[in-house]
Amino acid sequence: MPVPLAPYPTPPAPYTPPANGAQSQLVCSGCRNLLLYPVGATSVCCAVCNAVTAVPPPGTEMAQLVCGGCHTLLMYIRGATSVQCSCCHTVNLALEANQVAHVNCGNCRMLLMYQYGARSVKCAVCNFVTSVGASASATEQKFNS
């Protein structure tokens, strides 16, 4: 006796973008290009590399930074303390604006940025280590590496 065929499953309802055309953005997980997508989408397919990137849940605040290793734009969930670059694997400190301070290099006077709580900061231009924090008057030492 013939077995009846199961009916085809009903296809999901097509996605309809919001009427106001609201868009958001994220960084492609494949090629790192900035992608625009309609609010409400759950994933985005990149037109350049065809990688599918999941959209963070609604209400998740995102932030961006430039990787210190390869200068690629990185996007991360606000509040994270570090972000690893998927291109060069550099672990970048993710600092909020109120978590950083500035000091002039004790040797070349270049303006340096450092995280609050740090005891010293090394200048990327001349490699001089400037003491900061509670003991800002402490001796500064030359660091040759």
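The model is predicted: local features need pLDDT of at least 70, side-chain atom pairs count only at pLDDT 80 or more, and totals for chains, interfaces and linings use all residues. Residues are numbered from 1 along each chain as its sequence is written, and side-chain values use heavy atoms, with hydrogens and water left out.

## Overall make-up

The protein has zero helices and 13 strands. Helices (H or I, at least four residues) and strands (E, at least two) are DSSP runs, numbered from the N terminus. The chain counts 145 residues, and 25% of them are buried. Buried means under 20% relative accessible area, exposed over 50%, and partly exposed in between (1.4 Å probe, protein chains only).

The protein exposes about 10200 Å², of which carbon and sulfur atoms supply 57%. Accessible areas come from the Shrake-Rupley method with a 1.4 Å probe; for residues, only the protein chains shown count as cover. Among contacts with a separation of 6 or more, 17% join residues 24 or more positions apart. Contact means heavy atoms within 4.5 Å.

## Annotated spans

An unreviewed UniProt entry carries the annotation "domain: Zinc finger LSD1-type" for residues 28–52, 67–91 and 105–129. UniProt positions are given in the numbering used here, feature names are shortened, and annotations may be inferred rather than shown by experiment. In residues 28–52, the end C-alpha atoms lie 8 Å apart, with 0% helix and 36% strand in the span. For residues 67–91, the end C-alpha atoms also lie 8 Å apart, and the span is 0% helix and 36% strand.

E1 and E2 pair in the antiparallel sense over five bridges. Two strands pair if DSSP finds at least two bridges between them. E1 and E2 form a hairpin with six residues between them.

Arg32 sits in the loop between E1 and E2. Its phi is positive, about 70°. Is Arg32 buried or exposed? Arg32 counts as buried because its relative accessibility is 16%. A 3.3 Å polar contact joins the side chains of Arg32 and Ser86. A polar contact is a pair of N or O atoms within 3.5 Å; within protein, one must be able to donate a hydrogen and the other to accept it, and residues adjacent in sequence count only if both atoms are side-chain atoms. Not counting residues up to four places away in sequence, Arg32 touches Val27, Thr72, Leu73, Leu74, Met75, Ser86 and Cys87.

## Nonpolar cores

A nonpolar core is a set of buried Ala, Val, Leu, Ile, Met, Phe, Trp, Tyr and Cys residues joined through side-chain atoms within 4.5 Å. The largest core has eleven residues, including Leu26, Val27, Leu35, Tyr37, Cys46 and Met75. Strand E1 (23–27) and strand E2 (34–38) each supply at least two residues of this core. Apart from it lies another core of nine residues, among them Cys105, Cys123, Phe128 and Val132.

Cys46 touches Cys28, Cys31, Leu35 and Ala51, not counting residues up to four places away in sequence. Phe128 is in strand E12 (residues 128–131). Phe128 counts as buried because its relative accessibility is 9%.

## Exposed positions

Two histidines have positive phi. His71 has phi near 65° and lies in the loop between strand E5 (62–66) and strand E6 (73–77). His71 is exposed, at 62% relative accessible area. His89 has phi of about 65° and lies in the loop between strand E7 (82–84) and strand E8 (91–93). His89 is exposed too, at 51% relative accessibility. Most residues other than glycine have a negative phi.

Pro58 is in the loop between strand E4 (52–54) and E5, and its 83% relative accessibility makes it exposed. Val52 is in strand E4. Val52 counts as exposed, at 55% relative accessibility. Val52 touches Ser29, Ser43, Val44 and Cys45, not counting residues up to four places away in sequence.

## Pairs apart in sequence

| Pair | Sequence separation | C-alpha to C-alpha distance |
|---|---|---|
| Phe128 and Cys108 | 20 residues | 8.3 Å |
| Pro58 and Ala41 | 17 residues | 9.6 Å |
| Val52 and Ser29 | 23 residues | 7.4 Å |
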